[in-house]
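Colleague: Please show me the model, and then let us go through it by question and answer.

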Amino acid sequence: MADEDLQRRVRTVWWETDEQGAAVWLVDQSLLPQQVAYLCLRHEQDVADAIITLKVRGAPAIGVTAAFGVALGLYRLLQIHDQHAKPLTSVEALAHVAHVCALLGRTRPTAVNLFWAIERMKACAEQSFSAQLSVLEMRERLTREAQAIADEDVDACMRMGHYGAELIADGDTLLTHCNAGALATAGMGTALAPIYTAHKGGKHVHVFVDETRPVLQGARLTAWELQQEGVPLTLITDNMAGHFMRHGNIRAVFVGADRIAANGDVANKIGTYSVAVLAHAHQIPFYVVAPCSTIDLKLASGELIPIEQRLSDEVTAIRGTQIAPTGVQVANPAFDVTPHHYVTAIITECGIARPSYQETLRQLCLARIPGKVDA
Ligand code: MRU
């Protein structure tokens, strides 16, 4: 599904080769919106660090970055062996790929797209090994697989935008939480894709953006992205959502997801659950937009989704300025789980799933292009 009008202004993650070898390029999201700076990563450890420190974040973007990170790892090892005129065996190459996959798999636990992408890369290396391909061919296959994961994400975003835009009417005022836009994917976003599509299609939309404490993905990233695209928005603090719902300002909520269990429970940025409960109380549709790579049919319910706990300084300080007393006890879960009965529909690249999610999600995953469901 191509749409030339939906051009992105910022590139989140991409792969390049030059005279120095291969590199994974990222826009450094920890500096946005004050600075638009790019990182050129040439070592798999730097890719892992960029994921941990949120220089790249958002479930699909993490998956794409990790996939490129695996290819990068083999490029780098081959380069070192070439410099020392020491041939790299396929056994060594496969072992290194497994090592890089393990390294990247330890970065962030909640978004399943990371593990989905790593598994695809691992399977690609194993198939190359079994087919007795040369190490150079294994490297080419891994690079192609990572690029395919990125390209599929671009396409999935476009499709989610197309399906989701059907749920948006001219004049709608919508609410979103965190950043599930272009910065969170290789394409135009998940939750923001229907909004961009509706906007480009001539519908008048206005977006209320939750600031999303503690890391402020809403204030720093979503507000910036929407502004770049010319979508009208109002930035609010997280505790204002109920007020605006009660006053009839919000017609629907659109959020992304980090992992969706087989029963439709949704893990997403901390605070999403509160928004869902508020939406339910005000009879406002609550839509989750996510590619099938975010659906984890192996987990029966959201109770089983691992929730990342992050460092306390994200809560005690805002962008380096301490706001809480030294030594205070802090809790900092990065995600929460919204039970499926608060979710009006789940919009994927294969169509829109409605309750009962147990059946509809499975059907959508089976229809997924090109992989097959493995649960
Ligand atoms: O901690 P983050 O910024 O990686 O969390 C991101 C989110 O929770 C997004 O809503 C989710 O990954 C969907 S992104 C398309």
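What follows is a short exchange about the ligand and some backbone features.

Modeller: This is a predicted model, in which local features need pLDDT of at least 70 and side-chain atom pairs count only at pLDDT 80 or more, while totals for chains, interfaces and linings use all residues. Residues are numbered from 1 along each chain as its sequence is written, and side-chain values use heavy atoms, with hydrogens and water left out.

Colleague: How many residues surround the ligand?

Modeller: A residue is near a molecule if one of its heavy atoms lies within 4 Å of it. The closest here are R57, R108, D258, N268 and K269. The shell divides into six polar, four charged and seven nonpolar residues (Ala, Val, Leu, Ile, Met, Phe, Trp, Tyr, Cys and Pro count as nonpolar, Asp, Glu, Lys and Arg as charged, and the others, Gly among them, as polar). The number of residues around the ligand is 17.

Colleague: Which residue has a backbone N or O atom 2.9 Å from an oxygen atom of the ligand?

Modeller: A polar contact is a pair of N or O atoms within 3.5 Å. R57 places a side-chain N or O atom 2.8 Å from a ligand oxygen, and a polar side-chain atom of R108 also lies 2.8 Å from an oxygen atom of the ligand. The backbone atom at 2.9 Å belongs to G58.

Colleague: Which domains each give at least three residues to the shell around the ligand?

Modeller: Domain bounds come from an automatic or database domain assignment. The shell draws at least three residues from each of domain 1 (3-157) and domain 2 (163-368).

Colleague: What is omega for the cis peptide bond between P355 and S356?

Modeller: Most peptide bonds are trans. A cis bond joins R213 and P214, with omega about 10°. For the cis bond between P355 and S356, omega is about 5°.

Note on methods
A polar contact is a pair of N or O atoms within 3.5 Å; within protein, one must be able to donate a hydrogen and the other to accept it, and residues adjacent in sequence count only if both atoms are side-chain atoms.
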